[in-house]
Amino acid sequence: MDIETRGEQPYAAVKDTVTLETFGKIADRFPEVMQWLADRELPVTGAPFLRYLRVTAEEFEVEAGIPTVAEVPADGEVFTATLPAGQYVVALHEGSPDGLAAVTDRLLAHTVQFDRDGDRWGARLETYFTDPAVEHDLSKWKTEVAIRIAG
């Protein structure tokens with residue numbers, strides 16, 4: 001676990017509210033965002049991520065995002081926004097996505113005040129560095145969990 005200072009990061013995304021059972025509904029939409037960026041000749045500047053906007057015991061409001069160079073006008077379900085600058089508590093996870101909840105719990109046990117208001121989060125991210133179409137072995141997948149600190 002580390003604390004990193006990050007600058008603002010524009011991104012393109014789609015958003016949905018999902019449950020554990022329907023989570024694939026948002027995770028499977030990365031290709032749609034990639035195509036949207038390609039159609040507008042906007043370069044991808046980083047790995048795809050999920051941004052958790054609201055987390056409750058029953059559901060998650062989540063964006064499937066891809067970093068790019070600038071915010072541009074929305075078109076259809078795809079929109080652009082910017083991840084906020086600030087300090088983030090960060091951990092890298094190598095292995096199955098099933099282990100991400102435990103990584104997140106360890107980060108949340110940190111004694112810092114996170115950027116959140118109840119069940120709404122300022123910037124709570126999972127960034128996926130492994131392409132599942134290329135690497136089929138889940139034990140080799142690399143995912144970063146990052147949560148913005150308040151202030």
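A pocket here is an open set of points on a 1 Å grid over the protein atoms alone, where a 1.4 Å probe fits, with protein on both sides within 12 Å along at least five of seven lines; a lining residue has an atom within 4 Å of a point. A volume is the space filled by probe spheres set on the points, which are joined across faces, edges and corners.

You're looking at a predicted model, so local features need pLDDT of at least 70 and side-chain atom pairs count only at pLDDT 80 or more, while totals for chains, interfaces and linings use all residues. Residues are numbered from 1 along each chain as its sequence is written, and side-chain values use heavy atoms, with hydrogens and water left out.

Let's start with the largest pocket, whose volume is about 870 Å³. It has 35 lining residues, and Phe23, Leu50, Leu100, Glu126 and Tyr128 are the closest to its centre. Two or more lining residues come from each of α1, α2, β3, β4, α3 (100–108), β9 and β10. The largest share belongs to α3, with 5 residues. Those labels are DSSP runs numbered from the N terminus: helices (H or I) have at least four residues and strands (E) at least two.

Helix α2 spans residues 30–39, and Phe30, Val33, Trp36 and Leu37 in it are buried (under 20% relative accessible area; exposed is over 50%, and partly exposed lies in between, with a 1.4 Å probe and protein chains only). These four sit on the same side of α2 because they cover an arc of only 125 degrees around the axis, the arc being that of the directions from the helix axis to the C-beta atoms. On the face turned away from the buried side, you'll find the exposed residues Pro31 and Asp39. What do the buried residues of α2 pack against? Their partners are β2, α1 (24–27), β3 (49–55), β4, β5 and β9 (124–128). After α2 comes Glu41, with a positive phi near 55 degrees.

**Strand β2 and its partners**

Strands pair if DSSP finds at least two bridges between them. Strand β2 (residues 9–18) runs antiparallel to β5 (residues 79–83), with 5 bridges, and Gln9 stands opposite Leu83 there. β2 also runs antiparallel to β4, this time with 8 bridges; in that pairing Tyr11 faces Pro67.

| Residue | Partner | Polar contact |
|---|---|---|
| Glu61 | Arg120 | 3.4 Å |
| Ser139 | Asp137 | 2.6 Å |
| Glu144 | Arg6 | 2.8 Å |

Glu61 lies in strand β4 (residues 60–67). Its relative accessible area is 11%, so Glu61 is buried. Leaving aside neighbours within four places in sequence, its contacts (heavy atoms within 4.5 Å) include Lys15, Tyr52 and Arg120.

Glu144 sits in strand β10. Is Glu144 buried or exposed? Glu144 counts as buried because its relative accessibility is 12%. Among the residues it touches, not counting those up to four places away in sequence, are Arg6, Leu92 and Glu126.

Ser139 is in the loop between β9 and β10 (142–148). With a relative accessible area of 45%, Ser139 is partly exposed. Beyond its neighbours within four places in sequence, Ser139 is in contact with Glu94 and Gly95. Glu94 is 45 residues away along the chain, yet the C-alpha atoms of Ser139 and Glu94 are separated by 6.7 Å.

Key. Polar contact = N/O pair within 3.5 Å; in protein donor to acceptor, adjacent residues only side chain to side chain.
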